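I opened this notebook to record what I looked up in one structure. The entries follow the order in which I looked.

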Amino acid sequence: MDVSIFQAILIGIACWLGSIENPQPLGLALSDMLARPIVGGTIVGLILGDLGTGVAIGAAIQAMYLGNVVAGGVAAADMSFVSYPSIALAMIAGADTTVAVTLATTIGVLGAALFTAYETFMSVFNAMADRQLDKGNIEGMKRVY
């Protein structure tokens with residue numbers, strides 16, 4: 001299956017809209033819904049032109065993550081990464097649902113690790129902004145953010 005740049009961009013935008021690190025332009029409830037594998041599979045299937053395969057892979061992955069709960073802010077997997085890149089890669093490769101679930105697990109854990117690394121790196125800027133506030137420099141604090 002060939003994927004155009006436009007299709008890849010659409011999948012990336014859908015992944016971003018469902019991710020945990022965005023300004024929630026669609027609202028938190030809709031963003032959370034978009035991150036679910038069954039919804040992601042439907043969207044990826046529509047974008048790639050094979051709705052049946054997208055829904056089947058999304059349903060298989062959704063069954064594995066049905067009880068996924070983020071307790072205390074610690075995510076076992078980034079659900080948006082579980083949904084969009086893994087389903088798209090499985091569909092492009094022509095993989096069955098077993099391979100798709102394995103792929104989703106790996107990519108989901110990798111997404112959570114990358115998000116944790118990103119948040120750790122960004123905490124440096126919070127300290128810089130706090131120093132600007134201590135000096136009473138509101139404009140400096142805005143620049144840091």
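**Entry 1**

I began with Y118, which counts as partly exposed at 35% relative accessibility; partly exposed lies between buried, under 20% relative accessible area, and exposed, over 50%, with a 1.4 Å probe and protein chains only. The model is predicted, so I noted that local features need pLDDT of at least 70 and side-chain atom pairs count only at pLDDT 80 or more, while totals for chains, interfaces and linings use all residues. Residues are numbered from 1 along each chain as its sequence is written, and side-chain values use heavy atoms, with hydrogens and water left out.

I then looked up F115, which is partly exposed with a relative accessible area of 23%. F115 and Y118 are three residues apart in helix α6 and therefore separated by about one helical turn. Helices are DSSP runs of H or I with at least four residues, strands are runs of E with at least two, and both are numbered from the N terminus.

**Entry 2: the second pair**

How are the rings of F121 and F125 placed relative to each other? I found their centres 5.7 Å apart and their planes at 80°, so the pair is edge-to-face. Rings of Phe, Tyr and Trp (its six-membered ring) pair if their centres lie within 6.5 Å; planes under 30 degrees apart count as stacked, over 60 as edge-to-face and the rest as tilted. F121 and F125 are four residues apart in helix α6, so about one helical turn separates them. I noted F121 as exposed, at 51% relative accessible area, and F125 as partly exposed, at 28%.

I counted two aromatic pairs in the structure. In the pair of F115 and Y118, the ring centres are 6.4 Å apart and the planes stand at 35°, so this pair is tilted.

**Entry 3: the core**

I turned to the largest nonpolar core, which has 23 residues; I11, V44, I57, I61, V82 and Y84 have the most contacts inside it. Such a core is a set of buried Ala, Val, Leu, Ile, Met, Phe, Trp, Tyr and Cys residues joined through side-chain atoms within 4.5 Å. The elements giving two or more residues to this core are α1 (5–18), α3 (37–48), α4 (51–64), α5 (79–93) and α6 (97–134). I recorded that α5 gives the most, with seven residues.

Leaving aside neighbours within four places in sequence, I57 is in contact (heavy atoms within 4.5 Å) with I87, A90, M91, A95, T97 and A100.

**Entry 4: the whole chain**

I found seven helices and zero strands in the chain. Buried residues make up 33% of its 145 residues.
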